[in-house]
Amino acid sequence: MFRALVLLLIACAALAQDALFQTQCGGCHNSANIVGAPPVETLRGMPWQAILAALETGKMKTIASGMSAAERESLAKSIGTVSDLS
């Protein structure tokens, strides 16, 4: 029962991140965009820290300004990869 609840919570979190991406980022980060934004497939190959930096201090700062710090970090982690910085 507990395991099923944990899996349900994980699935809900993933759906929330997907919805956040679609509303905040999906308009430009799709494969048919005309603005030159990298598609989500490219973002998935980037370290999450690089995505977070773009959201907080880089080109995406204005777009992400309406998101909380927790939302930006969660979104970056859900899209990007974990890199070994050691």
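Modeller: Gladly! Axes here are lines fitted to C-alpha atoms, for helices over the stretch in contact, and angles run from 0 to 180 degrees between N-to-C directions. Keep in mind that this is a predicted model.

Biologist: At what angle do helix 3 and helix 5 pack, and how far apart are their axes?

Modeller: In general, two packed helices are described by the angle between their axes and the distance between the axes. Here helix 3 (residues 48-56) and helix 5 pack at about 145 degrees, their axes being 8 Å apart. The crossing of helix 3 with helix 5 is right-handed.

Biologist: Which residues meet there?

Modeller: From helix 3 come Trp48, Ile51, Leu52, Leu55 and Glu56; from helix 5, Arg72, Glu73, Leu75, Ala76, Lys77 and Ile79. By class, this contact of helix 3 with helix 5 has seven nonpolar, four charged and no polar residues.

Biologist: Which residues of helix 5 are buried, and why do they line one face?

Modeller: An α-helix has 3.6 residues a turn, so residues three or four places apart point the same way. In helix 5 (residues 69-79), the buried ones are Arg72, Leu75, Ala76 and Ile79. Seen down the axis of helix 5, they fall within an arc of 100 degrees, so they line one face.

Biologist: And asparagine 33: buried or exposed?

Modeller: Buried means under 20% relative accessible area, and asparagine 33 has 19%, so it counts as buried. Asparagine 33 sits in the loop between helix 1 (2-24) and helix 2 (40-43).

Biologist: What does its side chain reach?

Modeller: The side chain of asparagine 33 reaches the backbone oxygen of cysteine 28 at 3.0 Å. A polar atom of that side chain also lies 2.8 Å from the backbone oxygen of asparagine 30.

How values were computed: Residues are numbered from 1 along each chain as its sequence is written. This is a predicted model: local features need pLDDT of at least 70, side-chain atom pairs count only at pLDDT 80 or more; totals for chains, interfaces and linings use all residues. Side-chain values use heavy atoms; hydrogens and water are left out. Helices (H or I, at least four residues) and strands (E, at least two) are DSSP runs, numbered from the N terminus. Buried means under 20% relative accessible area, exposed over 50%, partly exposed in between (1.4 Å probe, protein chains only). A polar contact is a pair of N or O atoms within 3.5 Å; within protein, one must be able to donate a hydrogen and the other to accept it, and residues adjacent in sequence count only if both atoms are side-chain atoms. The arc is that of the directions from the helix axis to the C-beta atoms. A crossing is left-handed if the near helix is turned anticlockwise from the far one by less than a right angle, and right-handed if clockwise. Contact means heavy atoms within 4.5 Å. Ala, Val, Leu, Ile, Met, Phe, Trp, Tyr, Cys and Pro count as nonpolar, Asp, Glu, Lys and Arg as charged, and the others, Gly among them, as polar.
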